[in-house]
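Subject: Structure handover

Hello,

Here is the structure for you to open alongside this email. My notes on it follow below.

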Amino acid sequence: MAAIDLDAVSFSYPVYEVTGRSLKMTVMRQLVGSKIDLGVGSVEVAALSEVSLQLRSGDRLGLVGRNGSGKSTLLRLLAGLAHPTRGRMHIDGRVLPLIDKGLGINVELTGFENIELPLRFLGASDAEVRAAKRDVPDFTGLGPFIHMPVRTYSEGMRARLAFALCTAITGDVLLLDEWLGTGDADFYERAQQRLKGMMSATQIVVLATHSTDLMRSICNKVAWFDRGRLIVMGDPDAVIGMYLAAQQSGFEPVA
Amino acid sequence: MVGALMDIGAVFGRWRTWFLMASQDIRMRYRRSLIGPFWLSISMAMTVVGMALVFGNVFERTFQEYLVFLSAGFLIWGFISLMINEGCTILVEAENHLRAVPLPVSVLAARMVQRNVVIFLHNAVVIAALVAIFGFTPTINLLFVIPGVVLLTAFGFFLALVLGPICLRFRDVTQVVGSLLQLAFFLTPIIWMPDQGRVPEAFVTFNLFFHMIELVRAPIQGAAPTTLNWLVVGGGLWVLMALSVVTLAAARKHIYTWL
(Lines give C-alpha, C1' and ligand atoms only; values in the text may rest on other atoms or scores of the structure.)
Protein backbone atom coordinates (compact mmCIF):
# COMPACT_ATOMS: atom_id res chain seq x y z
CA MET A 1 0.00 0.00 0.00
CA ALA A 2 1.44 3.32 -1.04
CA ALA A 3 1.12 6.27 1.30
CA ILE A 4 2.34 9.84 1.53
CA ASP A 5 2.41 11.70 4.85
CA LEU A 6 3.56 15.28 5.19
CA ASP A 7 3.55 16.83 8.63
CA ALA A 8 4.19 20.58 8.78
CA VAL A 9 6.79 20.39 6.03
CA SER A 10 8.67 23.56 5.21
CA PHE A 11 11.32 24.06 2.60
CA SER A 12 13.50 27.10 2.14
CA TYR A 13 16.59 27.35 0.05
CA PRO A 14 19.44 29.78 -0.27
CA VAL A 15 19.97 31.65 -3.51
CA TYR A 16 23.65 32.37 -3.75
CA GLU A 17 25.05 35.56 -5.15
CA VAL A 18 28.05 35.01 -7.37
CA THR A 19 30.31 35.72 -4.40
CA GLY A 20 28.44 33.24 -2.21
CA ARG A 21 29.67 30.45 -4.42
CA SER A 22 33.28 31.34 -3.73
CA LEU A 23 35.22 29.77 -0.89
CA LYS A 24 37.53 32.78 -0.72
CA MET A 25 34.69 35.24 -0.24
CA THR A 26 33.06 33.03 2.38
CA VAL A 27 36.28 32.76 4.35
CA MET A 28 36.91 36.51 4.01
CA ARG A 29 33.46 37.23 5.37
CA GLN A 30 34.20 35.10 8.42
CA LEU A 31 37.47 36.89 8.97
CA VAL A 32 36.03 40.36 8.51
CA GLY A 33 33.18 39.56 10.83
CA SER A 34 29.83 38.49 9.58
CA LYS A 35 28.04 41.35 11.33
CA ILE A 36 29.09 43.77 8.63
CA ASP A 37 27.53 42.09 5.66
CA LEU A 38 25.35 39.32 6.94
CA GLY A 39 23.29 37.85 4.14
CA VAL A 40 25.35 39.25 1.30
CA GLY A 41 26.26 35.74 0.23
CA SER A 42 22.79 34.32 -0.02
CA VAL A 43 19.12 35.09 0.28
CA GLU A 44 16.77 32.57 1.83
CA VAL A 45 13.65 31.83 -0.19
CA ALA A 46 10.78 30.15 1.62
CA ALA A 47 9.27 27.92 -1.05
CA LEU A 48 6.93 25.87 1.18
CA SER A 49 5.61 26.70 4.63
CA GLU A 50 4.05 24.27 7.06
CA VAL A 51 2.40 21.99 4.54
CA SER A 52 0.57 18.96 5.96
CA LEU A 53 -1.27 16.40 3.89
CA GLN A 54 -2.00 12.67 3.71
CA LEU A 55 -2.52 10.63 0.57
CA ARG A 56 -3.48 6.94 0.42
CA SER A 57 -3.81 4.37 -2.36
CA GLY A 58 -6.35 5.48 -4.92
CA ASP A 59 -5.75 9.16 -4.38
CA ARG A 60 -5.19 11.37 -7.42
CA LEU A 61 -4.12 14.78 -6.27
CA GLY A 62 -4.06 17.80 -8.55
CA LEU A 63 -2.04 20.88 -7.62
CA VAL A 64 -3.25 24.35 -8.60
CA GLY A 65 -1.73 27.73 -7.92
CA ARG A 66 0.04 30.61 -9.60
CA ASN A 67 3.61 30.31 -10.85
CA GLY A 68 5.96 30.15 -7.89
CA SER A 69 3.24 29.05 -5.49
CA GLY A 70 5.12 25.91 -4.44
CA LYS A 71 3.57 23.23 -6.68
CA SER A 72 6.84 22.26 -8.31
CA THR A 73 8.69 22.46 -5.01
CA LEU A 74 6.24 20.01 -3.49
CA LEU A 75 6.81 17.61 -6.39
CA ARG A 76 10.57 17.91 -5.91
CA LEU A 77 10.30 17.11 -2.23
CA LEU A 78 8.08 14.11 -2.93
CA ALA A 79 10.57 12.95 -5.56
CA GLY A 80 13.38 12.97 -3.00
CA LEU A 81 15.37 15.53 -4.99
CA ALA A 82 15.15 18.14 -2.27
CA HIS A 83 14.71 17.50 1.45
CA PRO A 84 12.40 19.33 3.89
CA THR A 85 14.08 22.07 5.88
CA ARG A 86 11.63 21.46 8.73
CA GLY A 87 8.80 19.03 9.35
CA ARG A 88 8.40 15.34 8.66
CA MET A 89 7.82 13.57 5.38
CA HIS A 90 7.19 9.88 4.92
CA ILE A 91 6.54 8.02 1.69
CA ASP A 92 5.75 4.31 1.29
CA GLY A 93 6.20 2.83 -2.16
CA ARG A 94 8.26 3.33 -5.27
CA VAL A 95 8.18 6.90 -6.49
CA LEU A 96 8.36 7.60 -10.21
CA PRO A 97 9.25 11.28 -10.74
CA LEU A 98 8.43 12.57 -14.22
CA ILE A 99 9.00 16.22 -13.46
CA ASP A 100 12.04 17.26 -15.43
CA LYS A 101 13.43 16.62 -18.89
CA GLY A 102 17.00 15.89 -17.85
CA LEU A 103 16.46 12.16 -17.80
CA GLY A 104 19.70 11.42 -19.54
CA ILE A 105 18.93 11.14 -23.22
CA ASN A 106 22.25 11.41 -25.02
CA VAL A 107 21.70 12.87 -28.49
CA GLU A 108 24.86 11.29 -29.88
CA LEU A 109 23.56 7.79 -29.20
CA THR A 110 20.78 6.06 -31.09
CA GLY A 111 17.23 5.95 -29.79
CA PHE A 112 17.67 2.30 -28.94
CA GLU A 113 20.91 2.91 -27.03
CA ASN A 114 19.09 5.61 -25.09
CA ILE A 115 16.54 3.26 -23.61
CA GLU A 116 18.51 1.85 -20.71
CA LEU A 117 20.11 4.80 -18.91
CA PRO A 118 16.97 6.91 -18.32
CA LEU A 119 15.23 3.82 -16.97
CA ARG A 120 18.17 3.01 -14.70
CA PHE A 121 17.98 6.56 -13.40
CA LEU A 122 14.37 5.92 -12.48
CA GLY A 123 15.47 2.75 -10.68
CA ALA A 124 14.31 0.16 -13.20
CA SER A 125 15.16 -3.50 -12.64
CA ASP A 126 16.87 -5.71 -15.23
CA ALA A 127 13.54 -7.26 -16.20
CA GLU A 128 11.96 -3.84 -16.70
CA VAL A 129 14.86 -2.72 -18.89
CA ARG A 130 14.53 -5.87 -21.02
CA ALA A 131 10.79 -5.33 -21.39
CA ALA A 132 11.31 -1.69 -22.36
CA LYS A 133 13.85 -2.64 -25.02
CA ARG A 134 11.18 -4.80 -26.62
CA ASP A 135 8.33 -2.38 -26.17
CA VAL A 136 9.72 1.14 -26.71
CA PRO A 137 10.75 0.74 -30.39
CA ASP A 138 7.23 -0.43 -31.31
CA PHE A 139 5.40 2.10 -29.22
CA THR A 140 7.31 5.12 -30.51
CA GLY A 141 6.65 4.10 -34.12
CA LEU A 142 10.06 5.46 -35.06
CA GLY A 143 10.77 2.54 -37.39
CA PRO A 144 14.35 2.43 -38.62
CA PHE A 145 15.04 5.76 -36.92
CA ILE A 146 15.27 3.96 -33.59
CA HIS A 147 18.77 2.92 -34.73
CA MET A 148 19.81 6.45 -35.73
CA PRO A 149 21.45 8.97 -33.37
CA VAL A 150 18.88 11.06 -31.52
CA ARG A 151 20.45 14.27 -32.87
CA THR A 152 18.96 13.38 -36.27
CA TYR A 153 15.43 13.33 -34.79
CA SER A 154 12.79 16.01 -35.22
CA GLU A 155 11.28 17.63 -32.14
CA GLY A 156 8.23 15.43 -32.44
CA MET A 157 10.31 12.27 -32.65
CA ARG A 158 12.28 13.25 -29.59
CA ALA A 159 9.09 13.91 -27.69
CA ARG A 160 7.83 10.46 -28.64
CA LEU A 161 10.98 8.79 -27.40
CA ALA A 162 10.98 10.74 -24.12
CA PHE A 163 7.32 9.95 -23.56
CA ALA A 164 7.78 6.26 -24.30
CA LEU A 165 10.70 6.05 -21.87
CA CYS A 166 8.91 7.86 -19.08
CA THR A 167 5.91 5.60 -19.37
CA ALA A 168 7.87 2.37 -19.81
CA ILE A 169 7.85 1.47 -16.12
CA THR A 170 5.29 1.92 -13.38
CA GLY A 171 5.66 2.88 -9.75
CA ASP A 172 3.44 3.11 -6.70
CA VAL A 173 3.56 6.89 -6.65
CA LEU A 174 3.57 8.87 -9.90
CA LEU A 175 4.64 12.51 -9.89
CA LEU A 176 3.77 14.44 -13.03
CA ASP A 177 4.65 17.97 -13.98
CA GLU A 178 3.32 19.86 -16.99
CA TRP A 179 6.11 19.01 -19.37
CA LEU A 180 5.07 15.52 -20.44
CA GLY A 181 4.50 16.57 -24.05
CA THR A 182 3.32 13.99 -26.54
CA GLY A 183 4.64 15.23 -29.87
CA ASP A 184 2.57 15.20 -33.03
CA ALA A 185 -1.16 14.65 -33.45
CA ASP A 186 -1.19 11.05 -34.70
CA PHE A 187 0.78 10.01 -31.66
CA TYR A 188 -1.59 11.83 -29.32
CA GLU A 189 -4.24 9.12 -29.14
CA ARG A 190 -1.78 6.37 -28.33
CA ALA A 191 -0.09 8.58 -25.75
CA GLN A 192 -3.38 9.35 -24.02
CA GLN A 193 -4.21 5.65 -23.90
CA ARG A 194 -0.85 4.84 -22.43
CA LEU A 195 -1.04 7.60 -19.85
CA LYS A 196 -4.47 6.42 -18.74
CA GLY A 197 -3.24 2.85 -18.43
CA MET A 198 -0.24 4.00 -16.44
CA MET A 199 -2.36 6.08 -14.10
CA SER A 200 -4.75 3.27 -13.38
CA ALA A 201 -1.81 0.98 -12.60
CA THR A 202 -0.43 3.52 -10.12
CA GLN A 203 -1.67 3.79 -6.56
CA ILE A 204 -1.08 7.49 -5.97
CA VAL A 205 -0.77 10.22 -8.59
CA VAL A 206 0.27 13.79 -7.89
CA LEU A 207 -0.20 16.05 -10.89
CA ALA A 208 0.66 19.70 -11.45
CA THR A 209 -0.98 21.22 -14.51
CA HIS A 210 -2.62 24.42 -15.65
CA SER A 211 -5.31 22.48 -17.45
CA THR A 212 -8.20 22.41 -15.01
CA ASP A 213 -10.18 20.21 -17.41
CA LEU A 214 -7.52 17.51 -17.27
CA MET A 215 -7.49 17.82 -13.51
CA ARG A 216 -11.26 17.49 -13.21
CA SER A 217 -11.21 14.32 -15.33
CA ILE A 218 -8.41 12.61 -13.43
CA CYS A 219 -8.23 13.84 -9.86
CA ASN A 220 -10.30 13.02 -6.82
CA LYS A 221 -8.60 15.74 -4.75
CA VAL A 222 -7.21 19.14 -5.60
CA ALA A 223 -4.86 21.24 -3.48
CA TRP A 224 -4.57 25.00 -3.94
CA PHE A 225 -1.19 26.50 -3.15
CA ASP A 226 -0.35 30.16 -2.81
CA ARG A 227 3.03 31.57 -1.85
CA GLY A 228 4.21 28.25 -0.44
CA ARG A 229 1.12 27.62 1.68
CA LEU A 230 -1.55 25.01 1.25
CA ILE A 231 -4.70 27.14 1.17
CA VAL A 232 -7.24 24.37 0.87
CA MET A 233 -7.43 20.76 -0.26
CA GLY A 234 -10.59 18.86 -1.15
CA ASP A 235 -13.16 18.11 -3.82
CA PRO A 236 -11.82 19.05 -7.29
CA ASP A 237 -14.81 21.06 -8.48
CA ALA A 238 -15.05 23.04 -5.25
CA VAL A 239 -11.34 23.86 -4.97
CA ILE A 240 -10.89 24.65 -8.66
CA GLY A 241 -13.94 26.88 -8.45
CA MET A 242 -12.50 28.76 -5.50
CA TYR A 243 -9.13 29.07 -7.21
CA LEU A 244 -10.57 30.40 -10.47
CA ALA A 245 -12.85 32.81 -8.65
CA ALA A 246 -9.95 34.13 -6.62
CA GLN A 247 -7.87 34.60 -9.74
CA GLN A 248 -10.60 36.58 -11.44
CA SER A 249 -11.33 38.84 -8.51
CA GLY A 250 -7.68 39.30 -7.65
CA PHE A 251 -8.50 38.15 -4.15
CA GLU A 252 -5.49 37.34 -1.98
CA PRO A 253 -6.08 34.23 0.11
CA VAL A 254 -5.06 34.31 3.75
CA ALA A 255 -3.87 30.95 5.01
CA MET B 1 24.97 9.57 9.18
CA VAL B 2 22.78 6.60 8.27
CA GLY B 3 21.80 8.41 5.09
CA ALA B 4 25.46 8.99 4.24
CA LEU B 5 26.29 5.30 4.67
CA MET B 6 23.27 4.31 2.59
CA ASP B 7 24.42 6.67 -0.13
CA ILE B 8 27.84 5.02 -0.19
CA GLY B 9 26.30 1.55 -0.07
CA ALA B 10 24.16 2.32 -3.12
CA VAL B 11 27.29 1.97 -5.24
CA PHE B 12 26.84 -1.81 -5.07
CA GLY B 13 23.13 -2.04 -5.75
CA ARG B 14 23.20 0.42 -8.62
CA TRP B 15 26.38 -0.68 -10.35
CA ARG B 16 24.62 -0.97 -13.68
CA THR B 17 23.80 2.73 -13.60
CA TRP B 18 27.37 3.95 -13.11
CA PHE B 19 28.83 1.30 -15.36
CA LEU B 20 26.52 2.39 -18.16
CA MET B 21 27.26 6.08 -17.57
CA ALA B 22 31.01 5.42 -17.67
CA SER B 23 30.73 3.40 -20.89
CA GLN B 24 28.80 6.23 -22.52
CA ASP B 25 31.42 8.74 -21.31
CA ILE B 26 34.18 6.70 -22.93
CA ARG B 27 32.25 6.33 -26.17
CA MET B 28 31.56 10.06 -26.31
CA ARG B 29 35.20 10.89 -25.73
CA TYR B 30 36.44 8.75 -28.58
CA ARG B 31 33.60 8.81 -31.05
CA ARG B 32 34.36 9.09 -34.74
CA SER B 33 38.08 8.55 -34.35
CA LEU B 34 39.70 5.49 -35.84
CA ILE B 35 42.02 4.31 -33.12
CA GLY B 36 39.96 6.19 -30.58
CA PRO B 37 41.14 5.67 -27.06
CA PHE B 38 44.74 5.25 -28.04
CA TRP B 39 45.41 8.75 -29.34
CA LEU B 40 45.91 10.16 -25.86
CA SER B 41 48.01 7.17 -24.85
CA ILE B 42 50.19 7.56 -27.93
CA SER B 43 50.74 11.21 -27.17
CA MET B 44 51.75 10.23 -23.63
CA ALA B 45 54.21 7.70 -25.07
CA MET B 46 55.72 10.41 -27.32
CA THR B 47 56.19 12.73 -24.36
CA VAL B 48 57.85 10.03 -22.33
CA VAL B 49 60.28 9.00 -25.07
CA GLY B 50 61.23 12.61 -25.76
CA MET B 51 61.82 13.37 -22.10
CA ALA B 52 63.72 10.14 -21.52
CA LEU B 53 66.11 10.96 -24.37
CA VAL B 54 67.03 14.24 -22.68
CA PHE B 55 66.63 13.66 -18.94
CA GLY B 56 68.22 10.21 -18.92
CA ASN B 57 71.45 12.03 -19.64
CA VAL B 58 70.74 14.79 -17.13
CA PHE B 59 70.17 12.29 -14.33
CA GLU B 60 73.03 10.08 -15.51
CA ARG B 61 70.93 6.94 -15.99
CA THR B 62 70.73 4.56 -18.91
CA PHE B 63 67.97 5.42 -21.35
CA GLN B 64 66.13 2.18 -20.61
CA GLU B 65 66.25 2.53 -16.82
CA TYR B 66 65.04 6.13 -16.90
CA LEU B 67 62.38 5.37 -19.52
CA VAL B 68 60.80 2.72 -17.30
CA PHE B 69 60.89 5.03 -14.28
CA LEU B 70 59.42 7.98 -16.16
CA SER B 71 56.72 6.14 -18.07
CA ALA B 72 55.54 4.28 -14.97
CA GLY B 73 55.42 7.59 -13.09
CA PHE B 74 53.51 9.35 -15.88
CA LEU B 75 51.06 6.51 -16.18
CA ILE B 76 50.19 6.46 -12.49
CA TRP B 77 50.26 10.21 -12.03
CA GLY B 78 47.84 10.54 -14.94
CA PHE B 79 45.50 8.10 -13.26
CA ILE B 80 45.67 9.75 -9.84
CA SER B 81 45.52 13.37 -10.99
CA LEU B 82 42.64 12.80 -13.42
CA MET B 83 40.62 11.13 -10.67
CA ILE B 84 41.29 14.04 -8.32
CA ASN B 85 40.51 16.70 -10.93
CA GLU B 86 37.36 15.00 -12.12
CA GLY B 87 36.38 14.16 -8.56
CA CYS B 88 35.68 17.87 -8.20
CA THR B 89 33.13 17.87 -11.00
CA ILE B 90 31.17 14.65 -10.43
CA LEU B 91 28.11 16.59 -9.26
CA VAL B 92 28.53 19.65 -11.46
CA GLU B 93 28.72 17.52 -14.62
CA ALA B 94 25.58 15.62 -13.59
CA GLU B 95 23.52 18.74 -12.91
CA ASN B 96 20.89 17.91 -15.54
CA HIS B 97 20.35 14.45 -14.13
CA LEU B 98 20.29 15.63 -10.52
CA ARG B 99 17.46 18.03 -11.35
CA ALA B 100 15.36 15.16 -12.66
CA VAL B 101 16.02 12.13 -10.45
CA PRO B 102 17.66 11.56 -7.08
CA LEU B 103 21.03 9.89 -7.65
CA PRO B 104 23.40 8.82 -4.87
CA VAL B 105 26.72 10.71 -4.88
CA SER B 106 28.50 7.35 -4.76
CA VAL B 107 27.00 6.35 -8.12
CA LEU B 108 28.41 9.51 -9.72
CA ALA B 109 31.79 9.00 -8.04
CA ALA B 110 31.94 5.41 -9.26
CA ARG B 111 31.05 6.54 -12.78
CA MET B 112 34.02 8.92 -12.79
CA VAL B 113 36.39 6.33 -11.30
CA GLN B 114 35.28 3.61 -13.70
CA ARG B 115 35.82 5.94 -16.65
CA ASN B 116 39.34 6.68 -15.46
CA VAL B 117 40.16 3.03 -14.80
CA VAL B 118 39.34 2.31 -18.45
CA ILE B 119 41.52 5.21 -19.63
CA PHE B 120 44.30 4.03 -17.31
CA LEU B 121 44.16 0.53 -18.81
CA HIS B 122 44.36 1.96 -22.33
CA ASN B 123 47.42 3.95 -21.33
CA ALA B 124 48.94 0.95 -19.58
CA VAL B 125 48.74 -1.14 -22.75
CA VAL B 126 50.57 1.50 -24.80
CA ILE B 127 53.18 2.16 -22.12
CA ALA B 128 53.77 -1.58 -21.70
CA ALA B 129 54.33 -1.93 -25.44
CA LEU B 130 56.70 1.04 -25.36
CA VAL B 131 58.94 -0.25 -22.60
CA ALA B 132 58.84 -3.76 -24.09
CA ILE B 133 60.23 -2.36 -27.34
CA PHE B 134 63.19 -0.97 -25.40
CA GLY B 135 63.97 -4.29 -23.76
CA PHE B 136 62.09 -4.09 -20.46
CA THR B 137 61.61 -7.43 -18.68
CA PRO B 138 59.23 -7.64 -15.72
CA THR B 139 59.91 -9.56 -12.50
CA ILE B 140 57.55 -11.52 -10.27
CA ASN B 141 57.14 -8.36 -8.18
CA LEU B 142 55.10 -6.90 -11.02
CA LEU B 143 52.11 -8.69 -9.43
CA PHE B 144 52.15 -6.02 -6.70
CA VAL B 145 50.68 -3.53 -9.17
CA ILE B 146 47.30 -5.23 -8.73
CA PRO B 147 46.72 -4.40 -5.05
CA GLY B 148 48.36 -1.04 -5.71
CA VAL B 149 45.92 -0.07 -8.44
CA VAL B 150 42.99 -1.34 -6.36
CA LEU B 151 44.07 0.87 -3.46
CA LEU B 152 44.50 3.91 -5.71
CA THR B 153 41.06 3.30 -7.23
CA ALA B 154 39.47 3.21 -3.78
CA PHE B 155 41.37 6.39 -2.96
CA GLY B 156 39.96 8.15 -6.01
CA PHE B 157 36.44 7.01 -5.17
CA PHE B 158 36.41 8.25 -1.57
CA LEU B 159 38.19 11.47 -2.45
CA ALA B 160 35.48 12.19 -5.04
CA LEU B 161 32.82 11.72 -2.34
CA VAL B 162 34.56 14.48 -0.38
CA LEU B 163 35.49 16.84 -3.24
CA GLY B 164 32.27 16.48 -5.26
CA PRO B 165 29.90 18.14 -2.75
CA ILE B 166 32.50 20.73 -1.68
CA CYS B 167 33.20 21.78 -5.27
CA LEU B 168 29.47 21.96 -5.98
CA ARG B 169 28.95 24.39 -3.11
CA PHE B 170 32.16 26.36 -3.65
CA ARG B 171 32.78 26.42 -7.37
CA ASP B 172 36.30 27.87 -7.15
CA VAL B 173 37.64 24.88 -5.21
CA THR B 174 37.89 23.02 -8.52
CA GLN B 175 40.46 25.58 -9.72
CA VAL B 176 42.30 25.47 -6.40
CA VAL B 177 42.60 21.70 -6.62
CA GLY B 178 43.83 21.95 -10.21
CA SER B 179 46.58 24.39 -9.27
CA LEU B 180 47.67 22.34 -6.27
CA LEU B 181 47.93 19.26 -8.47
CA GLN B 182 50.13 21.20 -10.85
CA LEU B 183 52.41 22.04 -7.92
CA ALA B 184 52.33 18.48 -6.60
CA PHE B 185 53.45 17.15 -9.98
CA PHE B 186 56.77 18.97 -9.69
CA LEU B 187 57.26 18.34 -5.96
CA THR B 188 56.76 14.61 -6.43
CA PRO B 189 59.49 12.40 -7.88
CA ILE B 190 57.99 11.68 -11.29
CA ILE B 191 60.49 13.39 -13.56
CA TRP B 192 63.31 13.52 -11.00
CA MET B 193 64.42 10.39 -9.22
CA PRO B 194 64.01 10.10 -5.46
CA ASP B 195 67.30 8.33 -4.76
CA GLN B 196 69.70 10.93 -6.07
CA GLY B 197 70.02 12.93 -2.88
CA ARG B 198 69.79 16.28 -4.65
CA VAL B 199 66.31 17.08 -3.40
CA PRO B 200 65.61 17.27 0.38
CA GLU B 201 64.39 13.90 1.60
CA ALA B 202 61.32 15.45 3.23
CA PHE B 203 59.89 16.07 -0.26
CA VAL B 204 59.78 12.34 -0.64
CA THR B 205 59.08 10.92 2.82
CA PHE B 206 56.23 13.29 3.70
CA ASN B 207 54.70 13.26 0.25
CA LEU B 208 51.50 11.25 0.03
CA PHE B 209 51.70 11.26 -3.76
CA PHE B 210 55.16 9.66 -3.66
CA HIS B 211 53.81 6.76 -1.62
CA MET B 212 50.80 6.40 -3.91
CA ILE B 213 52.97 6.30 -7.01
CA GLU B 214 55.48 3.90 -5.43
CA LEU B 215 52.75 1.33 -4.81
CA VAL B 216 52.60 0.77 -8.55
CA ARG B 217 55.91 2.09 -9.84
CA ALA B 218 58.18 0.05 -7.58
CA PRO B 219 56.67 -3.27 -8.79
CA ILE B 220 57.11 -2.15 -12.40
CA GLN B 221 60.75 -1.35 -11.66
CA GLY B 222 61.13 -4.80 -10.12
CA ALA B 223 60.85 -4.15 -6.38
CA ALA B 224 58.06 -4.65 -3.86
CA PRO B 225 56.54 -1.47 -2.38
CA THR B 226 57.87 -0.71 1.11
CA THR B 227 55.83 -1.21 4.27
CA LEU B 228 55.85 2.57 4.72
CA ASN B 229 54.21 2.99 1.28
CA TRP B 230 51.41 0.64 2.28
CA LEU B 231 50.93 2.21 5.69
CA VAL B 232 50.78 5.78 4.41
CA VAL B 233 48.33 5.09 1.59
CA GLY B 234 46.27 2.64 3.65
CA GLY B 235 46.09 5.11 6.55
CA GLY B 236 45.20 7.92 4.17
CA LEU B 237 42.39 5.82 2.79
CA TRP B 238 40.87 5.33 6.26
CA VAL B 239 41.01 9.06 6.88
CA LEU B 240 39.34 9.69 3.53
CA MET B 241 36.58 7.18 4.27
CA ALA B 242 35.80 8.95 7.52
CA LEU B 243 35.87 12.33 5.78
CA SER B 244 33.55 11.11 3.05
CA VAL B 245 30.95 9.99 5.60
CA VAL B 246 31.19 13.36 7.36
CA THR B 247 30.94 15.27 4.07
CA LEU B 248 27.95 13.30 2.83
CA ALA B 249 26.17 13.54 6.17
CA ALA B 250 26.55 17.31 6.08
CA ALA B 251 25.98 17.93 2.37
CA ARG B 252 23.70 15.18 1.07
CA LYS B 253 20.42 16.96 1.71
CA HIS B 254 21.62 20.28 0.29
CA ILE B 255 22.85 19.03 -3.07
CA TYR B 256 19.70 19.99 -4.93
CA THR B 257 19.78 23.56 -3.67
CA TRP B 258 23.46 23.89 -4.56
CA LEU B 259 22.97 22.94 -8.22
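Which residues touch the most other members of the largest nonpolar core? They are A:Leu165, A:Leu175 and B:Ala109, in a core of 138 residues. A nonpolar core here is a set of buried Ala, Val, Leu, Ile, Met, Phe, Trp, Tyr and Cys residues joined through C-beta atoms within 7 Å. Buried means 20 or more other C-beta atoms within 10 Å of a residue's own; exposed means 12 or fewer; partly exposed is in between; C-beta atoms are placed from the backbone. Helix H4 (residues 63-87) of chain B gives the most to this core, with 14 residues.

Some housekeeping. This is a predicted model: local features need pLDDT of at least 70, side-chain atom pairs count only at pLDDT 80 or more, and totals for chains, interfaces and linings use all residues. Residues are numbered from 1 along each chain as its sequence is written, while chains are lettered from A and ligands numbered from 1 in the order in which they are written.

Chain A overall

Chain A has 8 helices and 9 strands. Helices (H or I, at least four residues) and strands (E, at least two) are DSSP runs, numbered from the N terminus. Of its 255 residues, 36% count as buried. Take the contacts in chain A between residues at least 6 apart in sequence: 72% of them join residues at least 24 apart. A contact means that the C-beta atoms of two residues, placed from the backbone, lie within 7 Å.

The sheet in chain A

Six strands form an open sheet with mixed pairing, in the order S5-S6-S7-S3-S8-S9. Two strands pair if DSSP finds at least two bridges between them. Strand S5 (95-98) and strand S9 (229-234) of chain A are the edges; each has a single partner strand, so one side of each is left without a neighbour in the sheet. Neighbouring strands are turned by 15° against each other on average, direction ignored.

Strand S3 (residues 60-64) and strand S8 (residues 221-226) of chain A run parallel, joined by 4 bridges. A:Gly62 stands opposite A:Val222 in S8(A). S8(A) and S9(A) run antiparallel, with 5 bridges. There, A:Trp224 faces A:Val232 in S9(A) as its opposite residue.

S8(A) and S9(A) also form a hairpin with 2 residues between them. A:Arg227 sits in that turn with a positive phi of about 45°, although it is not a glycine. Most residues other than glycine have a negative phi. A:Arg227 is partly exposed, with 17 other C-beta atoms within 10 Å. A:Ala8 in strand S1 of chain A also has a positive phi, about 50°. A:Ala8 counts as partly exposed, with 13 C-beta neighbours inside 10 Å.

Helix H2 (residues 71-78) of chain A lies across S3, S5, strand S6 (173-176), strand S7 (204-208) and S8 of chain A. It runs at about 145° to S7(A). Axes are lines fitted to C-alpha atoms, for helices over the stretch in contact, and angles run from 0 to 180 degrees between N-to-C directions.

Neighbours within four places in sequence aside, its contacts include A:Leu75, A:Leu78, A:Val95, A:Leu98 and A:Val206.

Where the chains meet

The contact takes 24 residues from chain A and 21 residues from chain B. On the chain A side, strand S1 (3-16), helix H1 (23-32) and helix H3 (116-121) each give two or more residues. H3(A) gives the most, with 4 residues. By class, this side has 12 nonpolar, 6 polar and 6 charged residues. Ala, Val, Leu, Ile, Met, Phe, Trp, Tyr, Cys and Pro count as nonpolar, Asp, Glu, Lys and Arg as charged, and the others, Gly among them, as polar.

Helices in chain B

Helix H11 (residues 227-251) of chain B has 25 residues, which should span 36 Å at 1.5 Å a residue; its end C-alpha atoms are 36 Å apart, which agrees. The expected span is 1.5 Å times one less than the number of residues. Buried residues in H11(B) include B:Asn229, B:Val232 and B:Leu240. Their cover includes helix H1 (2-13), helix H6 (105-133) and helix H7 (145-169) of chain B.

H6(B) has 29 residues and reaches 42 Å from its first C-alpha to its last, close to the 42 Å expected. B:Gly135 follows H6(B), with a positive phi near 85°.

Best wishes
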